[in-house]
Amino acid sequence: MMRWNLNSMPLYAAAYLAVFVAAYPNGFRSTLGTQIDLLPPLVVYCALQSKWTTLAGITIFGGYLFDSLSANPLGLTTASLFVSGCVIRVNRETILRDQTFAQLVIGFMASLATPLVSLLLLWLLGRPPLTGFGSIWQLVSTALLGALATPVLFGTFERIKRKLNFRPVPESSFRADREIKRRRA
Amino acid sequence: MLKRPYLIAFTSVLLVVLSGFCLPRNTTSQIKLALRDFFLPILGLVHSTETVLSKGRDSIIPRSVLLSRMRELLAQNQELTLHMMQSTQLWQENQRLREALDWAPKSPWTLKPANVILRDPASWWRTIQIDLGTMDGVRTNMPVLTDAGLIGKIEQVGRRSSLVLLIGDPQCPVSASVKKNSTSELAAYGMIKGSSAHILDPSLVRLTMVDRQTRVEPGDAVETSGLGPVFPKGIPIGRIIDTNTANFGPLYEAQITLAANLRKLESVWVLFP
């Protein structure tokens, strides 16, 4: 059903590493009170540069791994990541995806929206999480870290893509329609 | 329909999300435990790297520093041996008195050390993963503590790892008793819950449902009451730092600072029954 190809394998590997980094005990957690979450920037990349099926695959794979290490209900992160990814994917023709500033802004918005959707779903599911005014700081700092990570991810994956794909064949300047036919007079 | 990829993506995500939400809790726990095993290779890699790095750091510590640390530890060891002798005598005396009074004998704590391997990636829950599982005899609802005091209980157990709910998590209320700092007398009972006012500081929690007829003061010690089925009586939890008696009603709240530092948990103890 889902098409797996070589280009999407680094994305799945990155999703795996992103979840591990988010759950790693050390890092930003002791200083900022929250940890960097690289899944939303990854979903931004998938939404802007990949197919729908890859986007779905990454949200399912990354979301389930994330929830397996968390007290979240299974599928919660998948839902919130896919909502963010869908909004970006639907509007991708209007986004200047090659611009660093656009990547920063989209990364910030996605990193802010994903936990907000998760919190909303948790309230709707009747499992209220521990939130307060400090959560605003956590959300904003996570979003800022996600925003900074987005252009880095874009650069890295574009480089990987170039390495994995065939090199484009250089086009010849020869054009058959412009060939000067030499004939005897 | 199959020619429209967005429909395939949307349907597959919807199915996966709904199955995650609708499956029974036991089944989702099993799926989570299975998925958690995906991280064993990377955890092993990180652990090996950290071991190599710490060995490298240890090899460059000067001999004089090591010798002075060894002398300190020897002195501490002698002091602890004396304390242990005294404690053993007190324990035996306590057991004899219990027998004389026909009270149920108190068994000593059986503890097993564990390392914290991962933390909850979501910032709105307070959970950790430890490297003990069913293969080590760990079961759900076993208390988890540090040398300073209680930190939580086992929620899910895998073969080689377990999920620990920390104090302050909405799913981990703890029945506690307050003892007067000066007289060690029982002052009040209450229920420990997470504090939404101190999200960024996990060491601050609330003692709720304290009877207004009783009086607790800053500095009073808080420990497990033993009233619930999970935590045995007498495990230290923390100290009262503030009380909020302004609200009307028969109950009031107090602020507690936990004895254990939840920010820097590296090794913990699982308390076996």
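Predicted model: local features only at pLDDT ≥ 70, side-chain atom pairs only at ≥ 80, totals over all residues.
**View 1. Helix H3 of chain A and what covers it.** Helix H3 of chain A spans residues 39–49. Ten of its eleven residues are buried, and H3(A) is thus mostly covered. The buried residues are A:Leu39, A:Pro40, A:Pro41, A:Leu42, A:Val43, A:Val44, A:Tyr45, A:Cys46, A:Ala47 and A:Leu48. The cover over these buried residues includes H1, H4, H5, H6 and H7 of chain A.

**View 2. The crossing of H3(A) and H6(A).** Helix H6 of chain A runs over residues 100–124, and its axis comes within 8 Å of the axis of H3(A). The two axes cross at roughly 125°, which makes H3(A) oblique to H6(A). The crossing in which H3(A) passes H6(A) is right-handed. On the H3(A) side the contact is made by A:Pro40, A:Pro41, A:Val43 and A:Val44. These residues meet A:Ile106, A:Gly107, A:Ala110, A:Ser111 and A:Thr114 in H6(A). Sorted by class, the contact of H3(A) with H6(A) has six nonpolar residues, three polar residues and no charged residues.

**View 3. The side of chain A that touches chain B.** In this interface, 44 residues of chain A are in contact with 39 residues of chain B. The elements of chain A that each give two or more residues to this side are helix H1 (9–23), helix H2 (29–32), helix H4 (52–68), helix H5 (76–90) and helix H7 (133–164). H4(A) gives the most, with ten residues. By class, the side of chain A that touches chain B is made up of 25 nonpolar, 16 polar and three charged residues.

**View 4. Helix H4 of chain A against helix H2 of chain B.** Helix H2 of chain B covers residues 25–36. Its axis and that of H4(A) come within 8 Å and cross at roughly 100°. Angles of 65 to 115 degrees count as roughly perpendicular, and H4(A) and H2(B) are therefore described as roughly perpendicular to each other. A:Tyr64, A:Leu65 and A:Ser68 of H4(A) make the contact with B:Lys32, B:Leu35 and B:Arg36 of H2(B). The residues of this contact divide into three nonpolar, one polar and two charged.

**View 5. The barrel of chain B.** Six strands of chain B close into a barrel, in the order S1-S2-S5-S4-S3-S12. The pairing is antiparallel, and the twist from one strand to the next averages 45°.

View 6. Strand S1 of chain B (residues 110–119) pairs with strand S12 of chain B (residues 267–272) in the antiparallel sense, over six bridges. In S12(B), B:Trp269 stands opposite B:Pro113, and B:Val268 stands opposite B:Ala114. S1(B) is also joined by three bridges to strand S2 of chain B (residues 127–130), and these two strands run antiparallel. In this second pairing, B:Ile130 of S2(B) is the bridge partner of B:Val116.

**View 7. Surroundings of B:Ile235.** B:Ile235 lies in the loop between strand S9 (221–224) and strand S10 (236–244) of chain B. This residue counts as buried because it has 20 C-beta neighbours inside 10 Å. Apart from neighbours within four places in sequence, B:Ile235 is in contact with B:Pro143, B:Leu145, B:Gly149, B:Leu150, B:Glu223 and B:Thr224. B:Ala176 is 59 residues away from B:Ile235 in sequence, and the C-alpha to C-alpha distance between them is 9.4 Å.

**View 8. Surroundings of B:Leu186.** B:Leu186 lies in strand S7 of chain B, which covers residues 186–194. This residue counts as exposed because it has 12 C-beta neighbours inside 10 Å. With residues up to four places away in sequence left out, B:Leu186 touches B:Ser177 and B:Lys179. The C-alpha atoms of B:Leu186 and B:Gly20 are separated by 46 Å, and the two residues are 166 residues apart along the chain.

Conventions: Residues numbered from 1 in each chain as written. Chains lettered and ligands numbered in written order. Axes fitted to C-alpha atoms, helices over the stretch in contact; angles between N-to-C directions. Helix = DSSP H or I, 4+ residues; strand = E, 2+ residues; numbered from the N terminus. Parallel < 35°, antiparallel > 145°, perpendicular 65-115°, else oblique. Left-handed = near helix turned anticlockwise from the far one by under 90°. Contact = placed C-beta atoms within 7 Å. Nonpolar A, V, L, I, M, F, W, Y, C, P; charged D, E, K, R; others polar. Pairing = 2+ DSSP bridges.
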